[in-house]
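Subject: Structure for your files

Hello,

Here is the structure I said I would pass on. My notes follow below it.

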Amino acid sequence: MSKEPADTQTRIRSLSPAESFHVESPAGAGKTSLLTARFIRLLSVVDHPHEILALTFTNKAANEMRERIGFLLRQAEKGASFDEPWVNSLLPHAQKALKKHARHINLLKSPDGLRIMTFHSFCLLLIRQSPWEAQVPFDAVVARDEDQGALLTEAVRNTQQQIFALPPDDPLRQALKQRLLHMNNNWPTLEAELRQLIARRDLLADLITEVKAAPDKDHLDRVLTGRLSAFISYRLAELRSSFPATELGGNWSFLRAHLHEKNPSSPPPASIPGSACTDLPDWQVIANLCLTKDGKPRKQFKIADGFCKNFAGTYWAECIKNLPERVVSQLRSLRELPFSDTPLTDLDALFDLILMVGQTMQAYDALCRRRGVMDYVELELAALRALGGEDTPADLQLLLDRKIQHILVDEFQDTSRNQWHLLQRLCAGWQPGDGRTVFIVGDPKQSIYGFRKAEVSIFMEAREGIPIPGQGYLKLTPVNLTTNFRSCAKLIDFTNEVFGQTVMASPDEEVDEVPYQAFLPAPGKEGGGRIVLATFTKNDGLLNEARLREAGWLAREVKRISANCDGKTIGILLPARTYLATYLKALTREGLKVQVQEGILLKERPEVMDMYSLALALVRPHDDLAWTSLLRSAWCWVGLDILYEVSRQEGTVWKEKIRIFHTNPSAPEAVKRLWGSITLRMSEVGRQSLAKVVGAIWEDIEGPAAVCTRFGPAGVENCRQFLKILADAEAGIPEETLSRLNLLLETAYAPPDPLSVRSPVQVMTVHRAKGLEFDVVFLPYLDWNPLGGSGKDSPPYLLERLPGYTGEHLIALSPDRRLKKEDKTYKLLKDIWKKRQLAESKRLFYVAATRAKKELYLSGLVTERDGESSATKNSFLSYLLAHTGLKAKVESMPDPVLSATEVAAPAISIKSELPEPILFTPERLPYQVISPSSLKGEMTLRESGSNTHPPQISDYHLARGTVIHRLFEHLSKGKTLPTERAVAVAMLAEGVDKHTSQGSAKGILAEVEACLKEEFCAYILRPDHPFAASEWMIEDQPVVDEAVRATETVRSGIIDRVVFDGAYWWLVDYKTTPLPSGIGLEEFLKEQEMLYRGQLLSYREMLAQQRQIDPAKIRLILYFTGIQKAHEIKD
Amino acid sequence: MGYLTARTTQELQAKIIEKADEETLILTPGRRLARRLRHAFRIAQIERGRRAWLPPKIVTLNSWLNETWLESWPEECIVSDIACLCLWKEAVEETALPEGLESDIGLYRLLDETYSAIIRHKIPPLPRDYLSPLIGWRQKAFEIFEGRLRAKGYVHPAFLPALIKDKLRDGSCVLPKQILCVGFESPAPVENDLLTGLAKDHGAVICSTESNEPPYIKAVGLPDVEQEVMWLAQDVLEKAQDTPLHRIGVVVPNMSAYAPLLSRVFQELIGSPTVEEGGNYNISLGESLFSQPLTQAALLPLRLMLEGEGRGLFLALLLSPYYGLWGRHRNILAQADRVWREYSIDQGLSDLLYILQKKKPEILSFIHPPGHDLAGLLRDLPGKRTGAGWIEALYRLWDIMQFPAINNEDEERVFRHLQEKLAALACDLGEEKIDAYTFYAWLKYALEETKVNVPGYEEAGIQVIGLIESRGLSFDHLYVVGLSAGSLPQPVRHFPLLTREEKSLVQGATIESQYLFAEQAFAHLMTVAPAVTLTRPLEEKSDPLPASPFWPEGEENTAVNYWLEPGQASLRAGWLRQAHEGWRDHPIPYPTEDTPLVPAPLPDELSVTAIEKAISCPFKFFADTVLRLSELPEPTIGISSQEKGNRLHRLFALFTSQMRKQGVFLTDAGQSESILKECIAEVLADVTDNPYWQIERERWSGLLATWLCLERKRKEEGWRWLLEEANFSSLQNASWPFTVHGRIDRIDINDGERKICCWDYKTGSTPPPVDIHTHFLAPQLPLYLLALRGGKTSLPVPFQSLTAGYISLKSEGEVQFGEPVKDEAGWETCLSAWEKEITSLGQRLSAGNFPADPKPIPKGNRNGACQYCPYLTLCTYWKKEEENDHV
Ligand code: SF4
């Protein structure tokens, strides 16, 4: 075998910057490398880096691509070279790119400088650039999942309230009533239905618009019938092209003539019907003629079925018997089709539902706008709006800073309809050969995000190119990669055979089944590999015993492999979470530590329930159950006797009972301690964050020790995770914190066990494993039924995309339980829905199986009947068992017995002696700043009274005082008084309202003018003294006693006015307090002196120290501006 | 122009202090640096042995601009933030608002930010030839805004640098002898103009650092953010052994994301930020005033009114520790919530109070403030008022409700802040009368904009600061945390109202300018300390997280595992020490079963429902019947299935008894229907206004019509109604430790065949027959039959045979009469089996055994008997780790 992968030339070709490609790349084919390579190639030719747009579906993929490109650019900058020829071949392009974009080097270096982003980030970018065109609030952000759930609930409930406020005969109120009656007057069911439909509103938007535009049922009927007809025609067209090509079709006229002659009572159609939906009844006659009731080609031909005597011996009978399977299946499926002209059975209910959804949607939109958030549906729709309509596409150059010249899309199989439209709009106006290219890469077999609206059919559709409105298609060159670099030859062979021949054989594209494309191992991967299939027979009486055996076997095998691990990674991948706990327990029982990705919901852990009860109890004194739960928590386990005793205490609530009980001398210590801590901390609830209070109590009562004793470190980490979530949920109001906590807990998983972080064994769902690889993969629970209970159930509504390329959806409601009528449209949609579920489940197994590099262990439960094993219908195991030649491919192990040999699990050592905690000493403050006075202090002294008194009044005095001080400072510089307006503005700037400011300016000026006329003030303010300063800042370290400085204190003050007139130093403090009424001047001055004496003496000390002067030379003056009076403070 | 440069910030600070005297003005970009320099100056004076000194004036550029402006006694006022937004509001309302935009504070803010950016970045006026509709609208709004600004005598703060520059030029400002400008690495163009002007014309010296000697750098990658912060705290603790705390700096570019975690980990490993004897650390967190619990509590009355008087908010008000009025009665008041929940009243103060009046009047007296009616007080709130009017109304409510009951200095500080903000708001909102929504929106905005810092010292303790704050500071060791993509450079700032060309001129509005800014900031960080440690998380939610472009090569990857390798630093966390202690004893699992309770507190008589519970799980029975516990019900929207069932039961009982009393036969369609109507009216008399009950009434009509049909058929078969709601008690059996009481929904008789059949109405799901004859989970019908057989319900007629069944009334399409055991012989076997079942149950219970033993057993998930059981936090079943597989 050559050293080069077989598809090397294809890979090289797909880098051509002049051509557009559609690349199908199987699992492990290295598509990120290809994308990176193409990006670098393009970067070396474009004029600006922003002319390339690479879109991914996950941040992880975007980051990985950025990282690789960054790496290549850095290496190119350094002039490095590598062993890998593929990388080396790219370095010159990277160097060229660096040179070409030297002016934009920051873009190349900045992590988000290159346009490599998820679809959603790109939508956000478009919206941010053009929010108005996108019709979203300017600052809208994408809502977090948990918030979105809360918003939906709020919107639905608000709508309900609004509708009930309408008059009884209002169509909306009638609609709500009818929906409720349909649902047995059960609001929660209707609420759930509305919530789901709002989350999928983009699929229903066209119908809602139709109903809004013409709100009558006939119109809706016409629209739905139209869609149904189009769909029927689409199916008939297929048959119209396949049926005539069969022997029967080719000889139809002869058959018809024969039957007409022999049995003229019910002859089949004279000629092969057309593809109009009116032809459906004729086709159904043909279908009934050719097929038995259970949909197989007839082998017996009775007269009652429209045949004639001895028909069985005719040539036509052979033709019928030999009808090709494809035609049989087409005929079979159209028998179930509803006649397009029969009214939809529950049109009234549908109309009501659409009205309700429309109304709720409005409420939801309004709510989102108010909160400045949007969900992902809105994000995509808004981006589409920003890009303009089909007829008037927006100029991308105007939206973004550059025109996009090249688009790359990763994981294209996960594209949703909106994303597909977005891509089409981005390419609007592109012409073949104009130098702009599209490069899409994906693997349809790995499309497993149907629940997130991914439509694998788009990948198939895109093979034809990208439809450009008014221009036909932008052609893409289809390319298939064929090398798998991940798995060894044995695994590849197994996958090719089982999927190609059985699981994905004869795909039905109508329900999104995809054709299997085989792949080849990379050179050097030819040897090794192991595939094991272990089946466990279900025992009738003990339904779950087989599952336990399977789990036990799996755990033993994992233990065996990890014991001789050699660094092998092991992935245990589950199709669903149902038995996750069972497998985990089996692994734990074997002493294995495994890394679990999103394993157990946090709120289901008992230790977390205890913490939750504590939070509840603290907030709700009346929650008896929460209080009682504290007594049975990990930290305070009491027996039934104590519970009973507590229940017999006085008190209407359990909180009270526990309080009384704890005083009982026989009360357990744990209860006493619990109550003690709660009493200590309870008063903090509502004042502190709830997480802090809960955390503090938990530590007070030695909760961490108790939890660790019971559940080990993982338990403690779970509790800490809970506290973290509780802190995130903090809303300031405890009840609201609890509501948020509940929301957050809905989707919170237990963090990984800290003891398993180094474990090579990982357990996760197949969905999470996408994009990962392991040396050894275990796929247990292969008997999982992808339809679950849903196969039997009837969901209240079905909203499905109609097969064909229109992308239109049809909705039908489950039959009204009161009427018990069959609804053919509903049945049709249910059939499509089920088949799509099954198609996706096949892809899920493909993803699962292709994660393995070397070994694959498959297991599941079977039923034994007559020596034959069979598995649940539609399960992967059922496909496996049906595969001919399976035995040659796998090592089969029916009901393996657990090996008796014990292999020791890797031990985890606990430190017996803990080191002493490190010491930490707080740092002393170098000094404390004290102030002899502050204007504010002055005011505080004056104003005392009720705490809740509006503060405006005191602010006025404060502002007035400040302005007068500033006026004095201004005057002291030899300047003239400002205008009245300027004084009013100064008051305004101090936060006084306009009215009061204007009113007070005159008075302030008058007061200052009066002071200026007063002798002392005029003297002091003169600027021509030997030394004069206003607002003079001074600092010192006060002397405690003779010559000893208080080193821990710095005194800092601002003296209003200091003047040295040659003889004395005048130290003046202005006081703007007016003389209060009812008090004599002498008394007032005495009081004020008492208040400010200390402050002025301090200033004197500071001044004396700073200037080295005799304090006796410093005269201390309080100057009262209101009464224009200087008052000297003497020793 | 004068420059003062140094290699490191420490050197630079020393040079500045050396030069500074009382006639020096030092301008800084932020307050923190100003404080730092003031401190350095003091220390220098003290070290020089000065007893007193005259400090230089050290202020931020903004304060100096404001001060200088005011000193010129201008006749225009710098417009305050809220007053400015009010002007934008007026401007927006005067324009034709483009479709899709909403006139709200968000838009006013955006306009103001755009306007400021244009001025600060000296963006030239737009050419008039082509303007997009949005930009055209913006220009119009700008014009109106400027007109109003002028008319009101306001000046926009963005103009200040230019205005002061003019004043400097015309000599109307007096400048000190020496001006030093520090820390202006990347000023906006107008500030740059001013600083250059100061330097050129007034001798101001521009002080900056220029590193040509890179510090010692260590780069550490940790698996995730949690470990990164834990590692940081540990390393800081180790560093603190030989470095003065205030000389250790931690710069966090992405502070808002990191602050909660940093605070938590520092609190755990070090303790509080400050202690009596000094400082431990100082995190400049800047929580908003709005988010403070006291503020949240303060706004409760207003929110209660605005948000539809919800139960949760009302309860929060009553239980809030800040409202002194209700202080002593919280336990009693909380009881009100149980009543509201039970009656599903979730909204409307009058409804909430009304139900209390009816059901628990004693609570009501604790709710009303003396001399006031609470609903009335809040009812007075709506309407329009001026800002000041709203604030007065709020103060009045607070006064009555005795808010705030303050506990400590921190709360005091928060309340003072709140008061100040309210006063400023009253002033800024002016004379216009606004509604409560608008007032709340302004208030919320003002409070969100105000930051309240957690107290800490800047001069003592480890300093944890943001990137901007770090300007000009100096440390011995610096940590830069969270250097992953998106932290440095930060994501591009969003200016939707700027054109592309305009954005290219605004700092931070393009990737390039953000990168440039980050590059300068990073270069500056490298001059802050001689040793720098950079850290980053390698992953986020298990996805790899790329590094910042400034992340150096040669990182060291490490991990923190305080379980397997507990370090001396991590063991400072109390919880971890405790947990390690506990781990030594691990595993001590929960007891698999509770020890029997002897003597068993078993009532002498049990109801049929209690027996059903005991069968389904003895522990459930213990919690429910013995302990009399019940969960706090969740209020339902619509009608709860229990309530639906109760009323339907009442209706059936009433109807059958009325029919019998009035001697009407089902065959008399007219009469029976009119009786049915009367009965419905009676049963629903108190809920006629409730829309859900109106719908329920309609649902009943279909359901009852089907039911009547079936009843008529039975009538034709010879059956008639004999009794309804037949109570029985003292049903006993020699081997049972208790007697049983219950109530049979209906008893029918077939006179011809002398058969008796008792019926149980089921408005929900009907138990499958196997639950009666094979799994023994549904005891009702067997116990009814045993009661009848034992003569516990006296029947007025003799009979020969007894059977029982369910009448399923789930929906109109599901009405049916079902007898799970076909004939009397079948019942015979079944009843004797049941007698034995109850005997063994009795033995178990009377021995004090109340194990958690659910039937049906949950499979995989929490289903089976546990599905709706509220006691899972009490029982042992879900606490067991290893022993039991819930499969
Ligand atoms: S949760 Fe299950 S086991 Fe526990 S008390 Fe309830 S029913 Fe019993």
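**Strand pairing between the chains**

E1035(A) stands opposite W53(B), a residue of β3(B). Strands count as paired if DSSP finds at least two bridges between them; helices (H or I, at least four residues) and strands (E, at least two) are DSSP runs, numbered from the N terminus.

This is a predicted model, so local features need pLDDT of at least 70 and side-chain atom pairs count only at pLDDT 80 or more, while totals for chains, interfaces and linings use all residues. Residues are numbered from 1 along each chain as its sequence is written, chains are lettered from A and ligands numbered from 1 in the order in which they are written, and side-chain values use heavy atoms, with hydrogens and water left out.

**The rest of the interface**

In chain A, 168 residues are in contact with 180 residues of chain B (contact: heavy atoms within 4.5 Å). The two chains bury about 15,400 Å² between them, and 58% of that is on carbon and sulfur atoms; buried area is the accessible area (1.4 Å probe) that two parts lose on being put together, summed over both. On the chain A side, R687(A), F920(A) and E923(A) lose the most area to chain B, together 6% of what that side buries.

Eleven salt bridges are found across the interface of chain A and chain B, with a side-chain nitrogen of Lys or Arg within 4 Å of a carboxyl oxygen of Asp or Glu as the criterion. One salt bridge joins the side chains of D610(A) and K879(B), at 3.3 Å from N to O. Helix α32 of chain A (residues 703-729) gives the most to the side of chain A that touches chain B, with 13 residues.

**Within the chains**

Helix α43 of chain A (residues 1081-1107) bends by about 50 degrees at Y1092(A), the bend being the angle between axes fitted to the seven residues ending there and the seven starting there. Just after α43(A), Q1108(A) has a positive phi of about 55 degrees.

Chain B has an open sheet of seven strands with parallel pairing, in the order β13-β18-β10-β19-β20-β9-β23. Its edges are β13 (281-283) and β23 (556-557), each with a single partner strand, so one side of each has no neighbour in the sheet. Strands β10 (residues 248-251) and β18 (residues 462-465) of chain B pair in the parallel sense over three bridges; V250(B) has V464(B) in β18(B) as its bridge partner.

Regards
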